[in-house]
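Work through the exercises below with the sequence and the 3D structure at hand. Each task is followed by a solution in steps.

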Amino acid sequence: MATGKINVSADNIFPIIKKFLYSDHEIFLRELISNAVDATNKLKTLSNLGEFSGELGDLSIHVDVDKKKKTITIRDRGVGMSSDEINKYINEVAFSGATEFVKTYEGKIDKGAMIGHFGLGFYSSFMISTKVEIHSRSWKMPEAEGAFWSCDGSPEYSLVSKKKKDRGTHIILHVDGDSEEFLEEFKINELLKKYARFMSVPIVCGEKDERNNLAPEGEEAKWETQKVPNVINPDSPAWTKKPSELSDEDYKAFYKALYPYTFEEPLFHIHMNVDYPFDLTGILFFPKIKPNMELNKNKIQLYQSQVFVTDNVEGIVPDFLMMLHGVIDSRDIPLNVSRSYLQADSNVKKISGHITKKVADKLEEMLKNDRNDFEQKLKDIAVIIEYGMVTDEKFFERALKFNMLRSAVDESASTIDEYLDKIGTLQTDKEGQRVVLYTSNAEAQHSYIQKAKAEGYDVVVLDSPIAGHWIQKIEGAKEKVRFARVDSDMLDKLIPKDGDRSHLLTESEQESLKGYVESAINDKNYSVRIEALASDDMPMMVVMPEFMRRMKEMSASGGGGFMGMADFPDHYDVVVNGNHPLAGKILKAEEPADREQLVLQAKDLALLQQGLLTGERLTAFVSRSLDRLV
Ligand code: ADP
Ligand code: MG
């Protein structure tokens with residue numbers, strides 16, 4: 001019998017481990033299962049290399065819960081460990097890893113705060129145990145041998161030889177009184193489903209009922225219930241297979257398995273499969289994104305060699321793709337470190353860049369292969385693409401080729417370059433700038449769209465919450481291109497052409513008209529200007545200038561250096577069409593009261609058209625209009 005003292009500087013790390021990892025105790029199971037899987041895969045490798053020539057046999061890993069004895073046992077038939085190996089890997093290497101961890105985090109962890117995921121490896125078992133035992137036999141050892149290690153949470157351990165029938169390792173946890181929740185088989189099952197559902201070696205926990213029909217075909221069913229091993233991971237996960245081995249149905253079934261409570265089907269998927277210069281596999285699904293939908297950012301699951309790590313993939317998946325669903329798996333993502341370390345890791349950065357590239361490749365390919373279908377799907381993912389273009393320079397460059405503008409006039413979709421060609425000289429102003437007219441709400445801005453259409457102009461729909469930021473990006477990237485919301489000014493002013501229209505009013509008439517309108521409106525947040533426009537254009541418009549409105553919107557949706565703009569008071573331009581017959585009527589009115597009524601009526605109509613006439617002013621408008629009718 002050998003006893004020893006684990007070589008520690010910290011007197012007793014176990015109480016510290018227990019205290020620190022308060023809310024993450026469950027990861028002990030992930031750690032022990034991955035060790036068992038590692039040991040099993042090592043043996044398979046040795047067998048493939050011809051170094052191990054015995055029978056592999058059933059390699060399933062078993063998790064047994066014994067409520068009476070208060071133990072959890074994890075059994076594998078992998079490589080096992082000899083006494084020397086236990087000494088080396090458990091007493092020295094693993095222990096120093098645990099000590100390292102405690103040194104790093106001691107004093108840094110606030111009470112109750114969690115630092116995300118990290119691993120202590122084997123020693124995490126002490127989070128829930130008063131005593132841990134290892135009974136193991138290495139594949140190299142003769143049948144009658146075995147090693148038995150036991151440690152009660154103090155730095156002293158014992159290591160003796162003890163015969164073990166079978167190759168492999170049993171880890172026996174004597175569960176602590178305050179961790180008895182883990183002695184419930186359903187709890188262990190639930191944790192195994194979370195961490196081990198996609199592992200590469202079968203994991204068995206308890207038994208389940210299976211119903212079989214014993215009757216021959218055609219006869220009345222005769223059911224028999226049988227106990228069968230409850231395998232946590234019966235199917236090998238879709239992402240580990242080659243895309244060519246999978247049908248659309250397989251991908252849908254995998255999606256369903258990942259999100260049993262989601263009823264919508266994904267729009268399409270991207271299957272990643274890289275092994276050089278870094279390892280990355282996974283399947284990302286594009287869900288339908290509805291405008292203003294509460295975005296669920298924790299849908300992508302991160303695995304390391306089929307071991308679930310986390311569903312918080314911040315930093316690993318580019319920000320704009322966080323609303324995707326699916327799985328990514330990489331051997332190169334360090335399991336056992338804090339999030340801040342992860343974000344600085346160069347492999348992690350490469351992975352993020354690669355995912356962006358794959359997404360861009362896929363979208364471009366979809367456009368090439370089936371443009372109609374792509375146009376349809378694009379409607380449901382426009383926000384993701386716009387967000388990506390605004391936040392990711394590389395993606396922006398790529399997306400210029402496949403992102404599309406949709407016309408509110410004829411529903412057609414065009415890439416940005418196609419669109420700029422399409423609007424051509426007709427929508428080029430006298431400065432040579434091409435003007436993209438857009439609507440943020442085709443329903444509310446219907447009359448303006450109709451006016452533009454009558455002029456032969458097109459109007460595109462840009463209704464996402466970040467449209468302002470996106471427009472700003474495009475204006476920065478494309479020369480001589482300007483965006484203007486279709487209701488932000490009179491049409492003549494949105495796309496000014498050479499040869500101004502001449503005023504039908506004299507200058508002094510314009511002055512008096514301006515004065516009349518100003519005194520009738522009597523509000524310093526409205527600036528009045530008189531313009532010479534087509535006589536069939538609107539008589540009056542109340543608009544918020546494009547620049548002002550866009551800044552406010554961008555400020556409201558965050559970022560862009562426009563913080564605080566949202567709180568500025570709203571300021572409107574009142575544009576009066578001096579060439580409209582109404583202008584003459586206002587000027588010629590005999591009674592000042594009549595004149596005021598005319599101005600207010602025209603202003604309210606303009607506000608109404610902008611969707612700005614509400615509350616008290618709407619009531620006043622309705623009663624004024626009724627007065628005129630009777
Ligand atoms: P890591 O898995 O990161 O190496 P652990 O603390 O989890 O750290 O495990 C330490 C070492 O103990 C492993 O590297 C392995 O050599 C050995 N080991 C642990 N569990 C088993 C097992 N079930 N079978 C064989 N060896 C094991
Ligand atoms: Mg481990």
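**Exercise 1. Salt bridges**

Task: How many salt bridges does the structure hold?

Solution. The model is a predicted one. It holds 34 salt bridges. The next exercises look at some of them.

**Exercise 2. A pair across the chain**

Task: Which parts of the chain does the pair of Arg 331 and Asp 279 link? Is each of the two residues buried or exposed?

Solution. 
Step 1. Find the contact. Arg 331 and Asp 279 form a salt bridge through their side chains, with 2.9 Å from N to O.
Step 2. Arg 331 sits in the loop between β14 (325-329) and α6 (339-344), and Asp 279 in the loop between β10 (268-274) and β11 (280-286). The pair is 52 residues apart and links distant parts of the chain.
Step 3. Compare the accessible areas with the cut-offs: under 20% is buried and over 50% is exposed. Arg 331 has a relative accessible area of 55%, so this residue is exposed. Asp 279 has 11%, so this residue is buried.

**Exercise 3. A pair within one helix**

Task: Where do Lys 377 and Asp 373 lie, and how many residues apart are they?

Solution. 
Step 1. The closest N and O atoms of Lys 377 and Asp 373 are 3.0 Å apart, and the two residues form a salt bridge.
Step 2. Both residues lie in helix α8 (residues 371-391). They are four residues apart, so about one helical turn separates them.
Step 3. Asp 373 has a relative accessibility of 31% and therefore counts as partly exposed.

**Exercise 4. A network**

Task: Which residues are joined into one network with Asp 487 and Arg 485?

Solution. 
Step 1. Start from the pair. A salt bridge connects the side chains of Asp 487 and Arg 485, at 2.8 Å from N to O.
Step 2. Check the cover. Both Asp 487 and Arg 485 are buried.
Step 3. Follow the shared partners. Salt bridges join Asp 487 and Arg 485 with Glu 475, Glu 546, Arg 549, Arg 550 and Glu 553 into one network.

**Exercise 5. The sheet that contains Arg 485**

Task: What is the order of the strands in the open sheet of three strands, and which are the edge strands?

Solution. 
Step 1. The order is β18-β17-β19, and the pairing is parallel.
Step 2. β18 (460-461) and β19 (481-485) pair on one side only, and these are the edge strands.
Step 3. Strand β17 (residues 434-439) is joined to β19 by five bridges. Tyr 438 has Arg 485 in β19 as its bridge partner. Arg 485 also belongs to the network of Exercise 4.

**Exercise 6. Strand β14**

Task: How many residues of β14 are buried, and which residues lie on each side?

Solution. 
Step 1. Five of the five residues of β14 are buried.
Step 2. In a regular strand, side chains alternate between the two faces of the sheet.
Step 3. Sort the residues of β14 by side. His 325, Val 327 and Asp 329 are on one side, and Gly 326 and Ile 328 are on the other. Both faces are covered.
Step 4. Identify the partners. β11 pairs with β14 in the antiparallel sense over five bridges, and Ile 283 is opposite Val 327. Strand β12 (residues 300-304) runs parallel to β14 and is joined to that strand by four bridges. Here Ile 300 is opposite Gly 326.

**Exercise 7. Ligand 1**

Task: Which helix gives the most residues to the shell around ligand 1, and which side chains have an N or O atom 2.7 Å or 2.9 Å from an atom of the ligand?

Solution. 
Step 1. List the surroundings. Ligand 1 is surrounded by Asn 35, Ala 39, Asp 76, Met 81, Tyr 89, Ile 90, Ala 94, Gly 121, Phe 122 and Thr 169. By class, six are nonpolar, three polar and one charged.
Step 2. Assign helices. α2 (27-48) and α3 (83-105) each supply at least two residues of the shell. α3 gives the most, with three residues.
Step 3. Find the side-chain contacts. An oxygen atom of ligand 1 is 2.7 Å from an N or O atom of the Asn 35 side chain. For Asp 76, a nitrogen atom of the ligand is at 2.9 Å from a side-chain N or O atom. For Thr 169, the corresponding distance from a ligand nitrogen atom is 3.4 Å.
Step 4. Note the cover. Ligand 1 taken alone exposes 530 Å², and the protein buries 77% of that.

Methods:
Residues are numbered from 1 along each chain as its sequence is written. Chains are lettered from A and ligands numbered from 1 in the order in which they are written. This is a predicted model: local features need pLDDT of at least 70, side-chain atom pairs count only at pLDDT 80 or more; totals for chains, interfaces and linings use all residues. Side-chain values use heavy atoms; hydrogens and water are left out. A salt bridge is a side-chain nitrogen of Lys or Arg within 4 Å of a carboxyl oxygen of Asp or Glu. Buried means under 20% relative accessible area, exposed over 50%, partly exposed in between (1.4 Å probe, protein chains only). A residue is near a molecule or strand if one of its heavy atoms lies within 4 Å of it. A polar contact is a pair of N or O atoms within 3.5 Å; within protein, one must be able to donate a hydrogen and the other to accept it, and residues adjacent in sequence count only if both atoms are side-chain atoms. Accessible areas come from the Shrake-Rupley method with a 1.4 Å probe; for residues, only the protein chains shown count as cover. Ala, Val, Leu, Ile, Met, Phe, Trp, Tyr, Cys and Pro count as nonpolar, Asp, Glu, Lys and Arg as charged, and the others, Gly among them, as polar. Two strands pair if DSSP finds at least two bridges between them.
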